[in-house]
Amino acid sequence: IALVLCIAVLVRESGTDGVSFKAHILFFIVYTVRFSNIFLCDQQVMLILYKVLLWSGTLKIVILMWALGAGQDARDTLPMSVVLIPTFMLTFVFGVYSWEDNGFMMEFFWTFSMYLEAVAMLP
């Protein structure tokens with residue numbers, strides 16, 4: 001419901017004042033990385049549908065914000081590298097990984113998405 005409301009507000013207001021474009025890009029990265037297991041793990045159809053709808057809704061918001069010019073917002077000043085690089089390093093250093101199940105990459109992606117989600121609202 002929140003994604004639909006966000007899209008409705010962006011369309012109704014014809015602008016992106018007060019909505020962080022970088023935060024939505026970070027959430028899109030979170031969902032892309034977290035939901036990459038859709039291709040490798042056996043999952044219920046309902047869970048797959050949920051993941052696809054959430055990912056595509058976030059993509060639509062990012063595209064709509066980009067089309068409305070949110071990428072040039074002067075108030076959105078935090079560089080994404082300040083969030084992404086430390087999150088990647090924390091994931092690599094403090095993550096607990098195994099070579100069983102779906103492998104190192106899926107566990108790394110999942111841990112990275114959890115750490116990134118915690119700081120995605122900073123911009």
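In α2, the buried residues are Phe-21, Ala-23, His-24, Leu-26, Phe-27, Phe-28, Val-30, Tyr-31, Val-33 and Arg-34. Buried means under 20% relative accessible area, with exposed over 50% and partly exposed in between, using a 1.4 Å probe and protein chains only. Helices here are DSSP runs of H or I, at least four residues, numbered from the N terminus.

This is a predicted model: local features need pLDDT of at least 70, side-chain atom pairs count only at pLDDT 80 or more, and totals for chains, interfaces and linings use all residues. Residues are numbered from 1 along each chain as its sequence is written, and side-chain values use heavy atoms, leaving out hydrogens and water.

So what do the buried residues of α2 pack against? They pack against α1 (2-13), α3 (45-67), α4 and α5, where contact means heavy atoms within 4.5 Å.

Next, the core. The largest nonpolar core has 12 residues, including Leu-54, Met-80, Val-83 and Phe-112. A nonpolar core is a set of buried Ala, Val, Leu, Ile, Met, Phe, Trp, Tyr and Cys residues joined through side-chain atoms within 4.5 Å. At least two residues each come from α2 (21-34), α4 (80-94) and α5 (103-119), and α2 gives the largest share, 5 residues. Val-83 touches Leu-26, Leu-78, Leu-116 and Val-119, not counting residues up to four places away in sequence.

Last, the contact between α2 and α4 is made by Lys-22, Ile-25, Leu-26 and Ile-29 of α2 and Met-80, Val-83 and Leu-84 of α4.
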